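Hi everyone, thanks for making time. Let me put the structure up on the screen, and then we'll walk through it.

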Amino acid sequence: PVRHVVCLAGSLRRDSWNRRLLRMAAAHAPATLRLDVWDGLDAVPMFDEDLELREPDGPAGVRSLRAAIAAADGLIIATPEYNHAMPGVLKNALDWLSRESPEGEVLLEKPVAVLGASAGPWGTRLAQASLRQVLHTCGALVMPTPTLFIANAAGRFDENAALVDQATGLSLQRFVLAFEQWMARVAPALARPQA
Ligand code: FNR
(Lines give C-alpha, C1' and ligand atoms only; values in the text may rest on other atoms or scores of the structure.)
Protein backbone atom coordinates (compact mmCIF):
# COMPACT_ATOMS: atom_id res chain seq x y z
CA PRO A 1 0.00 0.00 0.00
CA VAL A 2 1.10 3.53 -0.72
CA ARG A 3 0.37 6.17 1.89
CA HIS A 4 -0.29 9.66 0.67
CA VAL A 5 1.04 12.64 2.62
CA VAL A 6 0.34 16.34 2.09
CA CYS A 7 3.28 18.61 2.91
CA LEU A 8 2.69 22.20 3.94
CA ALA A 9 5.35 24.89 4.45
CA GLY A 10 4.37 27.78 6.71
CA SER A 11 6.01 30.34 4.44
CA LEU A 12 4.99 32.28 1.35
CA ARG A 13 8.61 33.04 0.42
CA ARG A 14 9.57 31.73 -3.00
CA ASP A 15 12.93 30.34 -1.83
CA SER A 16 11.62 29.23 1.56
CA TRP A 17 14.01 26.81 3.23
CA ASN A 18 11.05 25.05 4.76
CA ARG A 19 9.41 24.44 1.39
CA ARG A 20 12.76 23.33 -0.07
CA LEU A 21 13.09 20.76 2.71
CA LEU A 22 9.65 19.40 1.93
CA ARG A 23 10.45 19.19 -1.77
CA MET A 24 13.62 17.33 -0.95
CA ALA A 25 11.73 14.94 1.36
CA ALA A 26 9.23 14.34 -1.44
CA ALA A 27 11.97 13.63 -3.96
CA HIS A 28 13.60 11.03 -1.65
CA ALA A 29 10.46 9.41 -0.27
CA PRO A 30 10.35 5.59 -0.26
CA ALA A 31 8.15 3.85 -2.83
CA THR A 32 5.54 3.19 -0.14
CA LEU A 33 4.93 6.92 0.38
CA ARG A 34 3.71 9.68 -1.91
CA LEU A 35 4.56 13.15 -0.64
CA ASP A 36 2.86 16.11 -2.32
CA VAL A 37 3.94 19.64 -1.47
CA TRP A 38 0.79 21.78 -1.31
CA ASP A 39 1.54 25.27 -2.53
CA GLY A 40 -1.62 27.36 -2.24
CA LEU A 41 -1.13 29.09 1.10
CA ASP A 42 -1.16 32.53 -0.55
CA ALA A 43 -4.78 31.90 -1.66
CA VAL A 44 -6.01 31.31 1.90
CA PRO A 45 -7.65 34.57 3.05
CA MET A 46 -7.52 35.94 6.58
CA PHE A 47 -9.89 33.99 8.77
CA ASP A 48 -13.09 35.90 9.53
CA GLU A 49 -16.25 34.45 11.07
CA ASP A 50 -18.33 36.84 8.94
CA LEU A 51 -16.70 35.41 5.80
CA GLU A 52 -17.54 31.95 7.13
CA LEU A 53 -21.22 32.96 7.33
CA ARG A 54 -21.16 34.39 3.82
CA GLU A 55 -19.41 31.34 2.35
CA PRO A 56 -20.38 28.30 4.43
CA ASP A 57 -18.26 25.94 2.30
CA GLY A 58 -15.27 28.25 2.71
CA PRO A 59 -13.29 30.33 0.21
CA ALA A 60 -11.72 28.45 -2.72
CA GLY A 61 -8.20 28.45 -1.23
CA VAL A 62 -9.48 26.94 2.01
CA ARG A 63 -11.59 24.33 0.22
CA SER A 64 -8.57 23.26 -1.77
CA LEU A 65 -6.37 22.82 1.32
CA ARG A 66 -9.13 21.04 3.24
CA ALA A 67 -9.79 18.64 0.39
CA ALA A 68 -6.08 17.84 0.05
CA ILE A 69 -5.76 17.06 3.76
CA ALA A 70 -9.05 15.13 3.95
CA ALA A 71 -7.90 12.85 1.11
CA ALA A 72 -4.45 12.26 2.61
CA ASP A 73 -3.23 9.71 5.15
CA GLY A 74 -1.06 12.29 6.86
CA LEU A 75 0.23 15.83 6.92
CA ILE A 76 3.79 17.10 7.33
CA ILE A 77 4.17 20.75 8.31
CA ALA A 78 7.52 22.54 7.99
CA THR A 79 7.33 25.76 9.93
CA PRO A 80 9.61 28.78 9.94
CA GLU A 81 9.96 30.70 13.20
CA TYR A 82 8.81 34.31 13.35
CA ASN A 83 9.39 36.01 16.69
CA HIS A 84 9.57 32.70 18.53
CA ALA A 85 6.25 31.43 17.18
CA MET A 86 4.82 30.00 13.96
CA PRO A 87 4.20 32.57 11.18
CA GLY A 88 0.75 34.14 10.99
CA VAL A 89 -0.01 32.61 7.59
CA LEU A 90 0.33 29.14 9.07
CA LYS A 91 -1.73 29.91 12.18
CA ASN A 92 -4.36 31.47 9.92
CA ALA A 93 -4.57 28.32 7.77
CA LEU A 94 -4.86 26.15 10.91
CA ASP A 95 -7.68 28.34 12.21
CA TRP A 96 -9.58 27.68 8.97
CA LEU A 97 -8.79 23.95 9.16
CA SER A 98 -10.01 23.75 12.75
CA ARG A 99 -13.57 24.57 11.70
CA GLU A 100 -16.42 22.24 10.87
CA SER A 101 -16.79 21.88 7.09
CA PRO A 102 -18.42 19.65 4.47
CA GLU A 103 -15.29 17.45 4.80
CA GLY A 104 -15.62 17.49 8.61
CA GLU A 105 -12.87 18.74 10.92
CA VAL A 106 -9.99 17.66 8.73
CA LEU A 107 -7.27 17.78 11.42
CA LEU A 108 -9.23 15.64 13.85
CA GLU A 109 -7.39 12.30 14.23
CA LYS A 110 -5.13 13.15 11.29
CA PRO A 111 -1.53 11.94 11.73
CA VAL A 112 0.71 15.02 11.57
CA ALA A 113 4.48 15.51 11.72
CA VAL A 114 6.16 18.81 12.49
CA LEU A 115 9.63 20.03 11.54
CA GLY A 116 11.20 23.36 10.78
CA ALA A 117 14.24 25.33 9.68
CA SER A 118 15.21 28.79 10.82
CA ALA A 119 18.02 31.27 10.66
CA GLY A 120 18.70 31.23 14.38
CA PRO A 121 20.56 28.76 16.61
CA TRP A 122 17.46 27.01 18.00
CA GLY A 123 16.01 25.77 14.74
CA THR A 124 12.31 26.62 15.28
CA ARG A 125 12.05 24.99 18.73
CA LEU A 126 9.56 27.60 19.94
CA ALA A 127 7.66 27.76 16.65
CA GLN A 128 7.25 23.99 16.70
CA ALA A 129 6.13 24.07 20.35
CA SER A 130 3.40 26.59 19.50
CA LEU A 131 2.44 24.61 16.40
CA ARG A 132 2.15 21.36 18.37
CA GLN A 133 -0.08 23.06 20.91
CA VAL A 134 -2.47 24.26 18.19
CA LEU A 135 -2.46 20.85 16.46
CA HIS A 136 -3.26 19.10 19.75
CA THR A 137 -6.17 21.50 20.23
CA CYS A 138 -7.45 20.51 16.77
CA GLY A 139 -7.30 16.82 17.73
CA ALA A 140 -4.45 15.92 15.38
CA LEU A 141 -2.31 12.85 16.13
CA VAL A 142 1.05 14.59 16.29
CA MET A 143 4.17 12.39 16.01
CA PRO A 144 6.05 12.91 19.31
CA THR A 145 9.51 11.87 18.12
CA PRO A 146 11.84 12.13 16.31
CA THR A 147 12.01 15.91 16.33
CA LEU A 148 13.82 17.84 13.62
CA PHE A 149 15.03 21.35 14.43
CA ILE A 150 17.18 22.73 11.62
CA ALA A 151 19.20 25.63 13.03
CA ASN A 152 21.39 28.14 11.18
CA ALA A 153 19.60 27.18 7.99
CA ALA A 154 21.41 29.71 5.79
CA GLY A 155 24.63 27.72 6.12
CA ARG A 156 22.97 24.50 4.97
CA PHE A 157 21.78 25.77 1.60
CA ASP A 158 23.79 26.99 -1.39
CA GLU A 159 23.12 30.19 -3.34
CA ASN A 160 20.39 28.38 -5.33
CA ALA A 161 18.65 27.49 -2.06
CA ALA A 162 19.50 23.81 -2.60
CA LEU A 163 20.24 21.79 0.55
CA VAL A 164 23.95 21.02 0.60
CA ASP A 165 24.20 19.62 4.12
CA GLN A 166 24.26 15.81 3.94
CA ALA A 167 23.58 15.23 7.63
CA THR A 168 20.40 17.30 7.40
CA GLY A 169 19.33 15.36 4.30
CA LEU A 170 19.76 12.06 6.18
CA SER A 171 17.88 13.35 9.23
CA LEU A 172 15.08 14.38 6.93
CA GLN A 173 14.87 10.91 5.36
CA ARG A 174 14.86 9.26 8.81
CA PHE A 175 12.13 11.66 9.90
CA VAL A 176 9.94 10.71 6.92
CA LEU A 177 10.44 6.97 7.59
CA ALA A 178 9.49 7.49 11.24
CA PHE A 179 6.34 9.29 10.12
CA GLU A 180 5.43 6.38 7.87
CA GLN A 181 5.63 4.11 10.94
CA TRP A 182 3.65 6.62 13.02
CA MET A 183 0.85 6.69 10.43
CA ALA A 184 0.74 2.89 10.30
CA ARG A 185 0.53 2.78 14.09
CA VAL A 186 -2.08 5.44 14.83
CA ALA A 187 -4.17 5.21 11.63
CA PRO A 188 -3.68 1.75 10.10
CA ALA A 189 -6.55 2.10 7.60
CA LEU A 190 -5.58 4.00 4.46
CA ALA A 191 -7.42 7.23 3.65
CA ARG A 192 -9.76 7.02 0.70
CA PRO A 193 -8.79 9.67 -1.87
CA GLN A 194 -11.80 11.81 -2.70
CA ALA A 195 -13.22 11.87 -6.19
C1 FNR B 1 12.44 35.77 11.48
N2 FNR B 1 13.46 34.81 11.63
C3 FNR B 1 13.63 34.17 12.86
N4 FNR B 1 14.51 33.11 12.99
C5 FNR B 1 14.62 32.46 14.18
O6 FNR B 1 15.40 31.52 14.27
N7 FNR B 1 13.87 32.84 15.27
C8 FNR B 1 12.99 33.88 15.21
O9 FNR B 1 12.33 34.17 16.18
C10 FNR B 1 12.86 34.60 13.97
N11 FNR B 1 11.99 35.63 13.86
C12 FNR B 1 11.72 36.18 12.62
C13 FNR B 1 10.68 37.12 12.50
C14 FNR B 1 10.33 37.60 11.24
C15 FNR B 1 9.17 38.57 11.12
C16 FNR B 1 11.05 37.16 10.09
C17 FNR B 1 10.66 37.66 8.72
C18 FNR B 1 12.08 36.28 10.22
C19 FNR B 1 14.28 34.41 10.48
C20 FNR B 1 13.69 33.20 9.77
O21 FNR B 1 14.21 32.05 10.35
C22 FNR B 1 14.06 33.25 8.27
O23 FNR B 1 13.45 34.38 7.68
C24 FNR B 1 13.67 31.98 7.51
O25 FNR B 1 14.24 32.05 6.23
C26 FNR B 1 12.15 31.81 7.37
O27 FNR B 1 11.82 30.54 6.81
P28 FNR B 1 11.59 30.27 5.23
O29 FNR B 1 10.72 31.37 4.69
O30 FNR B 1 12.95 30.28 4.62
O31 FNR B 1 10.95 28.93 5.16
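So, by class, which residues make up the shell around the ligand? That shell has 4 nonpolar, 7 polar and 2 charged residues. The classes go like this: Ala, Val, Leu, Ile, Met, Phe, Trp, Tyr, Cys and Pro are nonpolar, Asp, Glu, Lys and Arg are charged, and the others, Gly among them, are polar.

Quick caveat: this is a predicted model, where local features need pLDDT of at least 70 and side-chain atom pairs count only at pLDDT 80 or more, while totals for chains, interfaces and linings use all residues. Numbering starts from 1 along each chain as its sequence is written. pLDDT is the predictor's confidence in each residue, from 0 to 100; the protein averages 95, and 98% of the residues score at least 70. The model's ipTM is 0.99 and its pTM 0.97.

Back to the ligand. Of the 13 residues around it, the nearest are Ser-11, Ser-16, Pro-80, Ser-118 and Gly-120. Around means a C-beta atom, placed from the backbone, within 6 Å.

Now strand 1, residues 3–9. Strands are DSSP runs of E, at least two residues, and helices are runs of H or I, at least four, all numbered from the N terminus.

Strand 1 runs parallel to strand 2 (residues 33–38), joined by 6 bridges; pairing takes at least two DSSP bridges. Val-5 sits opposite Leu-35 there.
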